[in-house]
Amino acid sequence: MSRYWSPFVQELEPYVPGEQPAMADPVKLNTNENPYGPPPSVQQAMRDAVDARLRLYPHPDGGELRTALADYHGLNTDQVFLGNGSDEVLAHIFLALFKQNRPLILPDITYSFYRVYCGLYGIDYETVPLADDFSLPLDAFPADNGGIIFANPNAPTGLAVTRDDIAALLERNTESVVVVDEAYVDFGAESAIALVRRFPNLLVTRTLSKGRSLAGLRIGYAVGSPDLIAGLDRVKNCFNSYPLDQVAIAAGVASLRDETFFENTVDAIISERDLLADELRGLGFRVLPSAANFLFVCHERFDAGGLATALRERGIIIRHFERPERIAGWLRITVGTPEQHQVLLDALRELLKADNKAP
Ligand SMILES: *Cc1c(COP(=O)(O)O)cnc(C)c1O
């Protein structure tokens with residue numbers, strides 16, 4: 001706190017990202033980064049983009065990358081909005097579309113940034129509790145609302161809803177904007193992008209950070225009706241005209257052209273995820289069925305926070321959320337490489353054995 005801060009900032013509650021540890025060579029399974037890639041083709045495209053053209057401002061709307069994304073999804077360019085990571089896209093969504101007279105609706109357990117944006121922009125919200133099995137009860141979302149947002153697959157549970165469930169929600173909820181955050185959709189959920197033409201109030205956000213292994217570059221986007229996209233453009237143009245730099249634009253285009261690398265690495269993550277889930281169940285963990293690149297787990301005999309700390313001492317970083325209370329007993333483990341999983345499982349076996357010896 002500082003007396004120089006505005007009263008508004010004194011009250012702000014910022015998002016706390018998972019740590020980027022300073023230790024040498026950690027087994028880093030805490031922020032859902034993709035261990036494979038980015039592919040050589042993307043790295044080459046970035047090197048090729050570094051020349052005298054950098055003296056020019058980039059295209060304000062993402063230029064070539066916007067066109068490439070529109071083609072990729074079979075949409076028009078006026079249905080695509082780009083931002084500096086999907087976090088920035090989400091920020092603009094909250095201000096452009098969710099600052100309404102009625103409250104925004106979101107699940108009680110979901111990506112915690114949503115509440116942070118509500119705080120930043122002074123947006124009222126109400127939460128809908130996930131079911132006991134952590135599934136998302138879309139039919140329990142109240143009709144009278146100023147907007148709806150959820151992640152599919154959800155974070156940090158990894159559970160997904162079907163496209164039909166989302167379509168049913170959109171059939172009922174026609175008066176406010178519904179945002180589906182598809183940060184993890186590449187790892188197994190059904191995308192709602194196919195519904196964008198049918199429902200003018202649907203906006204889908206995506207990122208190149210997870211499936212495409214480009215978290216360090218910050219490329220996110222939203223697709224929806226031209227109406228919604230124009231609203232986002234208005235806010236963007238009041239904030240930062242050039243959210244994506246030329247090198248990132250080149251990398252994004254190259255990433256979309258390298259489908260083989262993308263598909264192979266996503267397949268590898270999916271099969272490693274399922275193997276790791278089996279191993280963890282074998283050690284007595286309860287593991288939610290994940291459609292994402294992470295597993296959400298708990299263990300009867302372990303305090304989740306204590307386990308995360310014990311692993312950290314061994315150079316293995318996973319994520320523990322103290323809040324909401326309902327998930328304080330759970331841990332989120334990013335799917336890594338087979339080698340990383342081996343280190344994790346060996347450490348867990350050791351910790352379990354030590355625990356068994358206790359009186
Ligand atoms: C990682 C993540 C994001 C943010 O992605 P960036 O594009 O890296 O900003 C958004 N939503 C969810 C649910 C995420 O997990």
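Reader: How are H4 and H5 oriented to each other?

Author: In this predicted model, the axes of helix H4 (residues 86-98) and helix H5 (residues 113-121) come within 10 Å and cross at roughly 45°. Axes are lines fitted to C-alpha atoms, for helices over the stretch in contact, and angles run from 0 to 180 degrees between N-to-C directions. Angles under 35 degrees count as roughly parallel, over 145 as roughly antiparallel, 65 to 115 as roughly perpendicular and the rest as oblique. H4 and H5 are therefore oblique to each other.

Reader: On what rules do these descriptions rest, and how are helices and strands defined?

Author: Residues are numbered from 1 along each chain as its sequence is written. Helices (H or I, at least four residues) and strands (E, at least two) are DSSP runs, numbered from the N terminus.

Reader: Which residues form the contact of H4 with H5, and how many of them are nonpolar, polar and charged?

Author: H4 contributes Asp87, Glu88, Leu90, Ala91, Phe94 and Leu95, and H5 contributes Phe113, Tyr114, Tyr117, Cys118 and Tyr121; contact means heavy atoms within 4.5 Å. Ala, Val, Leu, Ile, Met, Phe, Trp, Tyr, Cys and Pro count as nonpolar, Asp, Glu, Lys and Arg as charged, and the others, Gly among them, as polar. By class, this contact of H4 with H5 has nine nonpolar, no polar and two charged residues.

Reader: At what angle do H3 and H8 cross, and what orientation does that make?

Author: The axes of helix H3 (residues 63-73) and H8 come within 8 Å, with a crossing angle of roughly 25°. That makes H3 roughly parallel to H8.

Reader: Which residues make the contact of H3 with H8, and how many are charged?

Author: From H3 come Glu64, Leu65, Ala68, Leu69 and Tyr72, and from H8 come Ile249, Gly252, Val253, Leu256 and Arg257. Besides seven nonpolar and one polar residue, the contact of H3 with H8 has two charged residues.

Reader: Which residues of H2 meet H8, and what is the make-up of the contact by class?

Author: The axes of helix H2 (residues 40-49) and helix H8 (residues 246-257) come within 8 Å and cross at roughly 150°. Ser41, Val42, Ala45, Met46 and Ala49 in H2 meet Gln246, Val247, Ala250, Ala251, Ala254 and Ser255 in H8. By class, the contact of H2 with H8 has eight nonpolar, three polar and no charged residues.

Reader: What is the phi of Phe134, and where does Phe134 lie?

Author: Most residues other than glycine have a negative phi. Phe134 lies in the loop between strand S4 (125-128) and S5. Although Phe134 is not a glycine, its phi is positive, at about 70°.

Reader: How far is a polar side-chain atom of Asp181 from a nitrogen atom of the ligand?

Author: Among the residues that surround the ligand are Asp181, Thr207 and Ser209. A polar side-chain atom of Thr207 lies 2.6 Å from an oxygen atom of the ligand. For Asp181, the distance from a polar side-chain atom to a nitrogen atom of the ligand is 2.7 Å.

Conventions: This is a predicted model: local features need pLDDT of at least 70, side-chain atom pairs count only at pLDDT 80 or more; totals for chains, interfaces and linings use all residues. Side-chain values use heavy atoms; hydrogens and water are left out. A residue is near a molecule or strand if one of its heavy atoms lies within 4 Å of it. A polar contact is a pair of N or O atoms within 3.5 Å; within protein, one must be able to donate a hydrogen and the other to accept it, and residues adjacent in sequence count only if both atoms are side-chain atoms.
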